[in-house]
Amino acid sequence: MSYLSNRRQFTEVNNCRSSTDFVHYGVPQGSLIGPRLYTMYVNDLPGHIDSGDLYMYADNTTVYCIGPNVDQVISSLNKTMKQVFTWSVKNQLTIHPIKTEAMILKKSTFIGPPPPLYFGTGLINLVDYTTCLGVKIDNRLSWSVHIDSVKKPFKQKVGALKRMRILPKQSLEELYFKSIIPSITYSISIWGNCYPSAMNSLNLIHARASHIINNLQPSLADDICLIKSNWLPFSYFYKSPFLC
């Protein structure tokens with residue numbers, strides 16, 4: 001039997017299996033060849049778009065248009081989305097409008113409502129922030145939403161260090177800088193130009209980690225703790241990403 005033809009699939013719920021049916025499209029989920037075949041299948045999409053800019057990464061596709069006002073931007077996006085819809089129909093791919101979001105990036109306050117944005121016959125929801133490849137982007141590019149989303153796990157991971165004080169200082173420091181910090185500074189080259197107050201909120205957690213790992217007195221100021229620990233402030237991970 002061929003690896004890609006004459007394949008059957010079934011659905012199982014509570015140990016009850018449906019009857020099997022042939023798979024006419026797609027590749028086996030989790031296969032090594034699947035992502036490669038998918039990339040080849042959708043690789044011609046940018047060539048069918050003559051308005052706006054389109055960027056693709058795996059199965060994530062981002063379209064953006066620039067214009068002097070919201071009406072023109074929405075008009076350009078509608079033209080682009082119509083071309084994407086036409087391409088998806090020809091290639092028998094289903095793109096759900098519910099899973100598609102649009103965001104207007106604008107410095108000044110936008111007074112709506114904006115014109116409707118369509119994909120086929122469905123409406124695309126306009127949002128104030130969205131997630132793209134693990135980074136939360138807000139419509140003012142303040143990065144406050146993303147920083148709020150990383151502060152909680154940052155605090156939790158630093159709190160876990162306190163429960164591991166039995167380990168040698170060197171082991172705790174390696175765990176912090178080689179495991180915890182990389183998970184928090186993911187894409188910091190993008191969002192690191194946030195407001196100083198937002199960056200400082202992360203620096204407070206960073207300083208707390210220096211308290212714990214170096215067993216410093218709780219009464220010491222954060223900047224003194226960093227100096228005594230021979231650590232740089234959190235903002236240096238943005239200024240010098242190689243420090244991560």
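Ile181 is part of helix H4, which covers residues 169-184. The model described here is predicted. The relative accessibility of Ile181 is 0%, so the residue counts as buried; the cut-off for that class is under 20%. Ile181 and Phe154 are 27 residues apart along the chain, and 8.5 Å separates their C-alpha atoms.

Helix H4 also holds Glu174 and Lys178, which are four residues apart, about one turn of the helix. These two residues form a salt bridge, with 3.8 Å between the closest N and O atoms. Glu174 has a relative accessible area of 36% and is therefore partly exposed. Lys178 has 64% and is therefore exposed, since the exposed class begins over 50%.

## The chain as a whole

The chain contains eight helices and 12 strands. Of its 244 residues, 30% count as buried, and Ile181, at 0% relative accessibility, is one of the buried residues.

The radius of gyration of the chain is 24 Å, whereas a compact globule of 244 residues would have a value near 18 Å. Taken along the principal axes, the box filled by the C-alpha atoms is roughly 65 × 55 × 35 Å.

## Helix H3

Helix H3 runs over residues 144-162, and Lys155 lies in it. Asp148 and Lys151 are in helix H3 too, three residues apart, about one turn of the helix. The side chains of Asp148 and Lys151 form a salt bridge in which the closest N and O atoms are 3.5 Å apart.

How exposed are the two partners? Asp148 counts as partly exposed because its relative accessibility is 46%. Lys151 is also partly exposed, with a relative accessible area of 22%, a value that can be set against the buried cut-off of under 20%.

## Salt bridges

How many salt bridges does the count come to? The total is three. Side chains of opposite charge can pair when their charged atoms come close. The pair Asp148 and Lys151 lies in helix H3, and the pair Glu174 and Lys178 lies in helix H4.

Another salt bridge joins Arg17 and Glu12, with an N to O distance of 3.4 Å. Arg17 has a relative accessible area of 58% and so is exposed. Glu12 has 42% and so is partly exposed.

## Patches on the surface

Which residues form the positive surface patch? The members are Lys155, Lys162, Arg165 and Arg208. Lys155, in helix H3, counts as partly exposed because its relative accessibility is 49%. That value meets the patch requirement of over 30% relative accessible area.

A nonpolar patch on the surface consists of Tyr3, Leu4, Val27 and Ile33. Together these residues have about 320 Å² of accessible area. Leu4 is located in the segment before strand E1, which covers residues 8-9. With a relative accessible area of 41%, Leu4 is partly exposed.

Note on methods
Residues numbered from 1 in each chain as written. Predicted model: local features only at pLDDT ≥ 70, side-chain atom pairs only at ≥ 80, totals over all residues. Heavy atoms only, no water. Patch = residues over 30% accessible without salt bridge, like charges linked within 9 Å, V, L, I, M, F, W, Y side chains within 5 Å. Areas by Shrake-Rupley, 256 points an atom, 1.4 Å probe, with all protein chains shown as cover. Salt bridge = Lys/Arg side-chain N within 4 Å of Asp/Glu carboxyl O. Lys, Arg positive; Asp, Glu negative; His and termini not counted. Charge placed at Lys NZ, Arg CZ, Asp CG, Glu CD. Helix = DSSP H or I, 4+ residues; strand = E, 2+ residues; numbered from the N terminus. Buried < 20%, exposed > 50% of the residue type's maximum accessible area, 1.4 Å probe, protein only. Rg over C-alpha atoms; globule rule 2.2 N^0.38 Å.
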